[in-house]
Amino acid sequence: MRKPLANIMGLTKLLRSAENDAEREQLMNMLALSADEFDQIIQEISAKSTA
């Protein structure tokens, strides 16, 4: 759970300092992937706690 959260935190910092649209787009894609990974982990934990 820590990895995708750390990625999200780091990517938001990098996004603030991105110098061009191509760099921002790449960072946004990475941010979306990390958010999806984080969401998947949360769903798995939730499913285990209700089983």
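Q: In which helix is the place of Leu33?
A: In this predicted model, Leu33 and Pro4 are 29 residues apart in sequence, while their C-alpha atoms are 8.7 Å apart in space. The place of Leu33 itself is in helix α2.

Q: Does Leu33 count as buried or exposed?
A: The cut-off for an exposed residue is a relative accessible area over 50%. Leu33 has a relative accessibility of 59%, and therefore counts as exposed.

Q: How many helices and how many strands does the secondary structure of the protein chain come to?
A: Helix α1 covers residues 2-16 and includes Leu11, whereas helix α2 covers residues 21-50 and includes Ile45. For the protein chain, the secondary structure comes to two helices and zero strands.

Q: What share of the 51 residues in the protein chain do buried residues make up?
A: The accessible surface of the chain comes to about 4100 Å², and 57% of that surface belongs to carbon and sulfur atoms. A residue is taken as buried when its relative accessible area is under 20%. Among the 51 residues of the chain, the share that is buried is 16%.

Q: Which five residues form the largest nonpolar core?
A: In soluble globular proteins, nonpolar side chains tend to be buried together. Here the largest nonpolar core consists of Ile8, Leu11, Ala18, Leu27 and Leu31. At least two residues of this core come from each of two helices, α1 and α2.

Q: With which residues is Leu11 in contact, leaving aside its neighbours within four places in sequence?
A: Leu11, in helix α1, has a relative accessible area of 7% and is therefore buried. The C-alpha atoms of Leu11 and Leu27 are 6.5 Å apart, although 16 residues separate the two in sequence. When neighbours within four places in sequence are left aside, the contacts of Leu11 are Leu27, Met30, Leu31 and Ser34.

Q: With which residues is Ser34 in contact, leaving aside its neighbours within four places in sequence?
A: Ser34 lies in helix α2 and, at 6% relative accessibility, counts as buried. With neighbours within four places in sequence left aside, Ser34 is in contact with Pro4, Asn7, Ile8 and Leu11.

Q: With which residues is Leu31 in contact, leaving aside its neighbours within four places in sequence?
A: Apart from neighbours within four places in sequence, the residues in contact with Leu31 are Ile8, Leu11, Thr12 and Leu15.

Q: Why are Asp21 and Arg24 separated by about one helical turn?
A: Asp21 and Arg24 form a salt bridge in which the closest N and O atoms are 2.9 Å apart. Asp21 counts as exposed at 61% relative accessibility, and Arg24 as partly exposed at 32%. Their separation is about one helical turn because, within helix α2, they are apart by three residues.

Q: What is the accessible area, together, of the nonpolar patch that Met1, Ile42 and Ile45 form on the surface?
A: Ile45 is found in helix α2 and counts as partly exposed, at 46% relative accessibility. Together with Met1 and Ile42, Ile45 forms a nonpolar patch on the surface, whose accessible area is about 280 Å².

Q: By what distance are the C-alpha atoms of Ser46 and Arg2 separated?
A: Ser46 has its place in helix α2, where it is partly exposed with a relative accessible area of 38%. Ser46 and Arg2 are 44 residues apart along the chain, and their C-alpha atoms are separated by 16 Å.

How values were computed. Residues numbered from 1 in each chain as written. Predicted model: local features only at pLDDT ≥ 70, side-chain atom pairs only at ≥ 80, totals over all residues. Heavy atoms only, no water. Patch = residues over 30% accessible without salt bridge, like charges linked within 9 Å, V, L, I, M, F, W, Y side chains within 5 Å. Areas by Shrake-Rupley, 256 points an atom, 1.4 Å probe, with all protein chains shown as cover. Salt bridge = Lys/Arg side-chain N within 4 Å of Asp/Glu carboxyl O. Helix = DSSP H or I, 4+ residues; strand = E, 2+ residues; numbered from the N terminus. Buried < 20%, exposed > 50% of the residue type's maximum accessible area, 1.4 Å probe, protein only. Contact = heavy atoms within 4.5 Å. Core = buried A, V, L, I, M, F, W, Y, C linked by side-chain atoms within 4.5 Å.
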